[in-house]
Amino acid sequence: MDNNGYNTEYGENNGIQPELSVAGGAASEPASAAPKKKPVSRMADLYDWVDTFCYALAIMIMLFVFVFRYVTVDGNSMMNTLHDGDRLIISDVCYTPKTGDIVVIYIEGQNKPYIKRVIATGGQRVRIDFNTWQVWVDGELLDEDYVLRTEGDMNYASFYNGEFTVPEGQIYVMGDNRNDSRDSRVIGCLEEHNIIGRVIIRLFPAFGKVN
């Protein structure tokens with residue numbers, strides 16, 4: 001090395017600067033360039049979308065197999081609350097029937113289930129006035145503004161033998177269209193364990209909760 005501080009190995013005044021030292025004695029290095037982002041593959045995006053869709057579909061299938069069921073109203077016995085052809089979602093998960101619920105129930109000897117409103121459950125007393133269309137449960141008059149009334153008396157008075165108690169494990173049901181409904185007034189109380197599900201919501205034609 002000569003007096004000018006150049007490395008004589010490369011020759012005098014050859015224009016090559018010596019490396020500068022930094023703290024700790026390590027030589028400085030030029031900053032490396034930031035890595036370029038690879039373009040996202042459209043096929044990868046499509047795969048992610050299909051994967052998400054399949055998971056969502058599987059969850060929906062599980063829900064409709066084990067939690068919810070889809071049914072269609074057949075007949076006019078629940079007018080004006082429900083109409084023929086209405087599409088409904090029902091469920092029986094953690095369900096205990098109570099007065100006012102609308103349920104779909106299997107009836108032995110029938111080729112299709114019924115959809116009716118629960119009037120009373122096991123242990124409750126029922127009294128019906130077929131002239132005034134009034135119903136009492138445990139001495140309390142029901143507020144049945146949903147009933148479709150027609151002129152004259154309510155049907156099936158001849159089957160009624162006075163106030164009675166619903167047997168345990170059974171329910172007493174009637175259609176809202178009282179004079180166009182075959183229900184417990186004729187066929188008697190129904191087994192609670194035959195309930196397929198309670199109506200949760202109407203999907204079609206008017207989406208919304210069913211009162």
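A residue is called buried here when its relative accessible area is under 20%, exposed when over 50%, and partly exposed in between, with a 1.4 Å probe and protein chains only. Strands (E, at least two residues) and helices (H or I, at least four) are DSSP runs numbered from the N terminus. The model is predicted, and local features need pLDDT of at least 70, side-chain atom pairs count only at pLDDT 80 or more, and totals for chains, interfaces and linings use all residues. Residues are numbered from 1 along each chain as its sequence is written, and side-chain values use heavy atoms, with hydrogens and water left out.

Strand β9 spans residues 170–174, and five of its five residues are buried, so the strand is largely enclosed by the rest of the structure. Gln 170, Tyr 172 and Met 174 point one way from β9, while Ile 171 and Val 173 point the other way.

The pairing of β9 comes next; two strands pair if DSSP finds at least two bridges between them. Strand β4 (residues 114–121) runs antiparallel to β9 and is joined to it by four bridges, with Val 118 opposite Val 173. Strand β10 (residues 190–191) is also antiparallel to β9, through two bridges, and here Leu 190 stands opposite Ile 171.

A further group of four strands forms an open sheet in the order β7-β6-β5-β8, with antiparallel pairing. Because β7 (140–141) and β8 (164–165) stand at the edges, each with a single partner strand, one side of each is left without a neighbour in the sheet. The partner of β7 is β6 (residues 134–137), paired in the antiparallel sense over two bridges; Val 137 stands opposite Glu 140 of β7.
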